[in-house]
Amino acid sequence: MITSVTDERALRAAHNNAVWCEAMCRAHGLPGTFAPHAWTNSRRTPPLYPDAVTLTPDASSADVLAAIDTAAAGPGASVKDSFACLDLTAAGFEVLFEAQWLYRPAGLPAPVAPRGARWSPVTTPGELAEWATAWDDGQGLDALFRAELLSDPTTTVLAAHDPVGRVTAGAVLTTTPGAAGISNLFTRDGDLDAAWAGCLSAVTARCPDVPVVGYEHGDDLPPALRAGCAVAGPLRVWLTA
């Protein structure tokens, strides 16, 4: 039985993230499957999205490897090891990166949003295309964000606009019972502290009674911590060459 506060936070964050991965896959016509220990997809998922997300610390390698395509679709299968406890090297995987789950308790005062930035939901395909272009910043992956996401009940795409209406920052909000997940946070001016403040202000206004979850790593982690998020546990992403 999972009893510690840290484990409960990580469990909540991992499930929320799996729901977001499922929403992205459904938008591409590739729904996955939730099982007790893992969310998995038997077909290769869109770029940047895992083929499996473990949901419990006792998920085994077999729980994920038996349910994803590690051969027919070629290299590039990936697993989000949500509790950093699997060893997938024997199956041909390498660690792509390590990160930390984030947890910001409900009830904390919302950060003061920067003046001049207006955060609001994206509601039309045209607005989503503009958001995706700003998020992508020339990487060639803007087509990931399809219009089907706009009708997904768990997904809200949030954009910050400057006074003349240009997208300056954004994030994806995933709502699940007991959690509001932030992912894909970006800003065009490099000020992640301001982006976190604006995003959290918008998210806590929409979801005032649930904690905020997500994950970050590297230089993207300190701004989240400064915004009031706490580290809730490690995760790893594994990738086949």
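The largest cavity in this predicted model has a volume of about 70 Å³. Here a cavity is a set of points, on a 1 Å grid over the protein atoms alone, where a 1.4 Å probe fits but cannot get out. Grid points are joined across faces, edges and corners, and a volume is the space filled by probe spheres set on the points. Residues are numbered from 1 along each chain as its sequence is written, and side-chain values use heavy atoms, with hydrogens and water left out. Because the model is predicted, local features need pLDDT of at least 70 and side-chain atom pairs count only at pLDDT 80 or more, whereas totals for chains, interfaces and linings use all residues.

Which residues line the largest cavity? They are Ala13, Asn16, Asn17, Trp20, Trp101, Thr174, Gly181, Ile182, Ser183, Val213 and Gly214, where a lining residue has an atom within 4 Å of a point. The elements that give two or more residues to this lining are helix 1, strand 9 (179-187) and strand 10 (212-216). Helices (H or I, at least four residues) and strands (E, at least two) are DSSP runs, numbered from the N terminus. Helix 1 gives the most to the lining, with four residues. By class, the lining of the largest cavity holds five nonpolar, six polar and no charged residues. In this scheme Ala, Val, Leu, Ile, Met, Phe, Trp, Tyr, Cys and Pro count as nonpolar, Asp, Glu, Lys and Arg as charged, and the others, Gly among them, as polar.

The count comes to two cavities of 30 Å³ or more.

Attention now turns to the charged side chains. A search of the whole structure finds seven salt bridges, each being a side-chain nitrogen of Lys or Arg within 4 Å of a carboxyl oxygen of Asp or Glu. One of them joins Arg12 and Glu8 at 3.4 Å, N to O. Both residues lie in helix 1 (residues 5-27), four residues apart, about one turn of the helix. Arg12 counts as partly exposed because its relative accessibility is 25%; the class runs between buried (under 20% relative accessible area) and exposed (over 50%), with a 1.4 Å probe and protein chains only. Glu8, at 38%, is also partly exposed.

Helix 1 holds another such pair, Arg26 and Glu22, four residues apart and separated by about one helical turn. Their side chains meet at 3.4 Å, N to O. Arg26 is partly exposed at 37%, whereas Glu22 is buried at 7%. Glu22, Arg26 and Asp152 are linked in a network of salt bridges.

A further salt bridge joins Asp193 and Arg226 at 2.9 Å, N to O. This pair links distant parts of the chain, for Asp193 is in helix 4 (residues 192-206) and Arg226 in helix 5 (residues 221-226), 33 residues apart. Asp193 is partly exposed at 33%, and Arg226 is exposed at 55%.

Helix 4 also contains Cys199. Is Cys199 buried or exposed? Cys199 counts as buried because its relative accessibility is 0%. Leaving aside neighbours within four places in sequence, Cys199 is in contact (heavy atoms within 4.5 Å) with Trp119, Ala171, Ile182 and Leu185. The C-alpha atoms of Cys199 and Trp119 are separated by 7.1 Å, although the two residues stand 80 residues apart along the chain.

Key
On a 1 Å grid over the protein atoms alone, a cavity is a set of points where a 1.4 Å probe fits but cannot get out, and a pocket is an open set with protein on both sides within 12 Å along at least five of seven lines; lining residues have an atom within 4 Å of a point.
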